[in-house]
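Dear colleague,

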Amino acid sequence: MDFNLTEEHLLIQQAAREFAENEAAPSAVDRDINAEFPHDLVKKMGELGFMGMMVSPEYDGAGLDTVSYVLAMIEISKVDASLGVIMSVNNSLVCYGLEEWGSDYQKEKYLKPLARGDKLGAFALSEPEAGSDATHQHTSAVKKGDRWIINGVKNWITNGINADYYLVFAQTDREKRHKGITCFIVEKGTPGFTHGKKEDKLGIRSSDTCSLLFENCEVPEENILWEVGKGFNVAMNTLNGGRIGIAAQACGIAKASFSAAVKYSKTRKAFGTEIANLQAIQFKLAEMSVNLEAAKLLTLKAAFLKDKHIDYIEAAATAKLYSSKVAVENSLEAIQIHGGYGYVREYLVERYLRDAKITEIYEGTSEIQRIVIAREILKHFE
């Protein structure tokens, strides 16, 4: 076992850290307050290769491994989790799906500009009545000649307003239930396709989230991803990898909370000394450090298994479940250590808590992760 990062990994980590600290940090607070989408920063992430990190250079991607992606996600999410989720959706959910199952035509037309960061992607699976239970898709697609007519509503779509290309899941044969779900590539501006209002969210406010509305939206046959009836397979396999990205985002938030707590504890004085010298605070910092280290190792293990083409379903769910829990707990403790100052925007830690909570919900709630983990554990005893 080798826990050392390669020279390439260290360079990518450093590049992500410098981008986050020098370019993203100055505007993070204002963008959070104003719920402002970071157009210029997303473009810059594309120029740096962060929007198609694992895509083959053949399709204009960076051709890097999942470990590199995790390291970059942690550094960027440590400064701004909104940027982290924008990057995660484009990499893990959209680019991955197109490279894995897309036709040559789809890779040329859609994957290449997404991997370069010239275009932005979104993943449209959730619905008002189909969140954790993704098998019950109400959005439908009916074939008409060489086109498909999509009708329905999608909910909680990250990048929903600003994306250019959308992977949209729709029921094409209701009698077959999940085996009758198909994935379509839908372009922004397609007649019959609009979006709802931007959600006013608790956290990750600089990323946009909205509903998508489809009313007799016509999509050509060549925009089916993989095959008719394979949409559920696309969604579940894609989400397995996506959980690694969200675990990395959670690690970034947890790391930011821990760093802020340590720095504050060394400057704040109480009872005649810096509070870092008080055992009650030291115990909190120690617990935060241990949990963060465990979360990072679980996340890197999942990334390593994925890179080695070893079954990583359980590892990804475990990393996502634990890292999201640590993100919430570390941000809570950071606020506690800051006392009253932790409750105001000036000290940032209140934003870490607001950003952390969603990591326990999207791309599979913590409850769903437990189901996935249990299912994988029970397979070992068959």
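This is a predicted model: local features need pLDDT of at least 70, side-chain atom pairs count only at pLDDT 80 or more; totals for chains, interfaces and linings use all residues.

Residues are numbered from 1 along each chain as its sequence is written, and side-chain values use heavy atoms, with hydrogens and water left out.

Helices (H or I, at least four residues) and strands (E, at least two) are DSSP runs, numbered from the N terminus. Helix H9 covers residues 349-357 and helix H6 covers residues 231-265, and their axes come within 10 Å and cross at roughly 160°. These axes are lines fitted to C-alpha atoms, for helices over the stretch in contact, with angles running from 0 to 180 degrees between N-to-C directions. H6 is therefore roughly antiparallel to H9, a word used for angles over 145 degrees. On the H6 side the contact (heavy atoms within 4.5 Å) is made by Ile253, Ala256, Ser257 and Ala260, and on the H9 side by Val349, Tyr352, Asp355 and Ala356. Sorted by class, this contact has 6 nonpolar, 1 polar and 1 charged residues, where Ala, Val, Leu, Ile, Met, Phe, Trp, Tyr, Cys and Pro count as nonpolar, Asp, Glu, Lys and Arg as charged, and the others, Gly among them, as polar.

Is H9 mostly covered or mostly uncovered? It is mostly covered, since 7 of its 9 residues are buried, meaning under 20% relative accessible area, while exposed means over 50% and partly exposed lies in between (1.4 Å probe, protein chains only). The buried residues of H9 pack against H1, H3, H4, H6 and H8. One of the buried residues is Arg351, which counts as buried because its relative accessibility is 6%. Leaving aside residues up to four places away in sequence, arginine 351 touches Ala28, Asp32, Val79 and Asp80.

Elsewhere, strand E2 (residues 140-144) and strand E3 (residues 147-158) pair in the antiparallel sense over 5 bridges, where pairing requires that DSSP finds at least two bridges between the strands. Valine 142 has isoleucine 149 in E3 as its bridge partner. The two strands E2 and E3 form a hairpin with 2 residues between them, and glycine 145 in the turn has a positive phi of about 70°.

Finally, valine 344 is found in the loop between H8 and H9, and with a relative accessible area of 37% it is partly exposed.

With best wishes

Key. Angles under 35 degrees count as roughly parallel, over 145 as roughly antiparallel, 65 to 115 as roughly perpendicular and the rest as oblique.
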